[in-house]
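Subject: Structure handover

Hi,

Here is the structure for you to look over. My notes follow below it.

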Amino acid sequence: MSPQCLFPLKYEASFISLALICVLGCTGSEPATGGGAGADAAAPQAQPEKEPARLQSADYVLVPADYEKFRKGRPMEEILKDLHWWGNFAEAGEIEGKNVSAISFGLFGGPSQLPHGMFVWAIFVDGRFEKFVRWPDSPPGLTAKVGEHPRLVQGYKAEAVTIADLEKEAKAAPAPPSSVDPGLTALGLIFGRAIEKRQLEEYKQMVVLRDQFNAARLKTGMTQKEVEEVLKSKPIESGEVKAGAFKFYGSTKSFDLNNPGYSNILTVFKDGKLTDIYSADYFGGVERGLRDARTFFVDLPPLEDE
């Protein structure tokens with residue numbers, strides 16, 4: 001998945017998500033009503049601005065108010081409910097006899113907001129927050145079999161980082177050179193409103209899929225029936241590998257807009273129980289996601305049309 005973010009460092013959510021949130025219900029102070037004999041007699045008291053309501057699963061970029069929610073030992077579900085299920089769930093599996101999960105979050109505007117923005121992994125052990133770690137860099141050509149978790153092992157064993165230290169690094173990074181194209185700026189002014197309207201419509205549809213197929217709501221140990229009750233969906237592909245029965249859940253719907261994207265989910269069942277989950281960091285949504293998964297998981301059988 002290749003999330004995009006268009007805001008500078010001081011803003012920490014994607015342009016489209018903030019725009020849609022405001023369209024669907026930003027609330028603030030009521031405007032003062034002018035006119036009338038008493039208009040000048042007493043000025044209305046300014047009302048504190050309310051935080052815009054968050055849409056469920058709508059994005060992955062954290063804002064400063066979110067940081068304190070991540071306290072070591074706090075249950076993952078409790079944190080995610082506070083975040084309205086924001087984040088890109090990466091994977092879950094067993095490491096050294098413990099259930100380990102990783103969720104990707106964007107900091108300082110997200111990874112495309114260079115040089116400041118970045119991804120960070122939140123690591124959860126046995127359902128509780130353990131630490132933040134740097135997003136694991138995979139060597140070129142890294143592959144695995146279904147049921148293996150080389151990146152999750154890397155994250156689990158990585159040294160913890162603090163957001164304060166990452167923020168210092170972000171602020172110390174040199175600003176990128178400015179490159180403004182007058183022609184593109186003019187085109188943007190001409191077509192911006194039409195593009196924004198279309199993007200917002202796509203975004204609304206995308207958020208529905210992000211929320212439906214948010215793998216963070218799944219828990220290892222679930223039965224297939226329980227998984228399908230959570231996702232409200234049947235698998236779009238099923239098969240067998242050495243690790244067990246694999247099932248893809250998701251959609252084949254595509255969008256021109258790829259921010260913040262949605263992801264299909266690869267699940268593995270052994271003896272009828274969910275043992276492994278893979279999602280956002282391995283493949284996106286749409287039918288292409290089924291193909292992308294096969295570039296990493298070498299033991300997945302070819303698709304029927306290949």
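Is Arg 134 buried, partly exposed or exposed? At 44% relative accessibility, Arg 134 counts as partly exposed. Buried here means under 20% relative accessible area, exposed over 50%, and partly exposed in between, with a 1.4 Å probe and protein chains only.

Ground rules before the rest. This is a predicted model, in which local features need pLDDT of at least 70 and side-chain atom pairs count only at pLDDT 80 or more, while totals for chains, interfaces and linings use all residues. Residues are numbered from 1 along each chain as its sequence is written, and side-chain values use heavy atoms, with hydrogens and water left out. Helices (H or I, at least four residues) and strands (E, at least two) are DSSP runs, numbered from the N terminus.

**Arg 134**

Arg 134 sits in strand E4. Beyond its neighbours within four places in sequence, Arg 134 is in contact (heavy atoms within 4.5 Å) with Val 161, Leu 166 and Glu 169. Its side chain makes a polar contact with the side chain of Glu 169, at 2.7 Å. A polar contact is a pair of N or O atoms within 3.5 Å; within protein, one must be able to donate a hydrogen and the other to accept it, and residues adjacent in sequence count only if both atoms are side-chain atoms. Trp 121 is 13 residues away along the chain, with 6.1 Å between the two C-alpha atoms.

**Helix H3**

H3 covers residues 150–157. Arg 151, Leu 152, Gly 155 and Tyr 156 are buried there. The buried residues of H3 pack against strands E1 (88–95), E2 (98–107), E3 (118–125) and E4 (128–134).

Arg 151 also lies over the face of Trp 135, at 5.0 Å from the ring centre. Arg 54 does likewise over Trp 86, at 4.3 Å. The test: NZ of Lys or CZ of Arg within 6 Å of the ring centre and within 35 degrees of the ring normal.

**Aromatic pairs**

The whole structure holds eleven aromatic pairs. Rings of Phe, Tyr and Trp (its six-membered ring) pair if their centres lie within 6.5 Å; planes under 30 degrees apart count as stacked, over 60 as edge-to-face and the rest as tilted. Phe 246 and Phe 248 have ring centres 6.2 Å apart and planes at 80 degrees, so the pair is edge-to-face. Both are buried.

Tyr 278 and Phe 297 are also edge-to-face, at 4.6 Å centre to centre and 65 degrees between the planes. Tyr 278 lies in strand E8 (residues 273–278) and Phe 297 in the segment after helix H7 (286–296), so the pair ties together parts 19 residues apart in sequence. Phe 70, Phe 105, Phe 124, Phe 129 and Phe 132 form one aromatic cluster.

Five of the six residues of strand E7 (residues 265–270) are buried, so E7 is largely enclosed by the rest of the structure. Strand E6 (residues 244–249) runs antiparallel to E7, joined by five bridges. Strands pair if DSSP finds at least two bridges between them. E7 and E8 also pair in the antiparallel sense, over five bridges. They form a hairpin with two residues between them, and Asp 271 in the turn has a positive phi of about 55 degrees.

Best wishes
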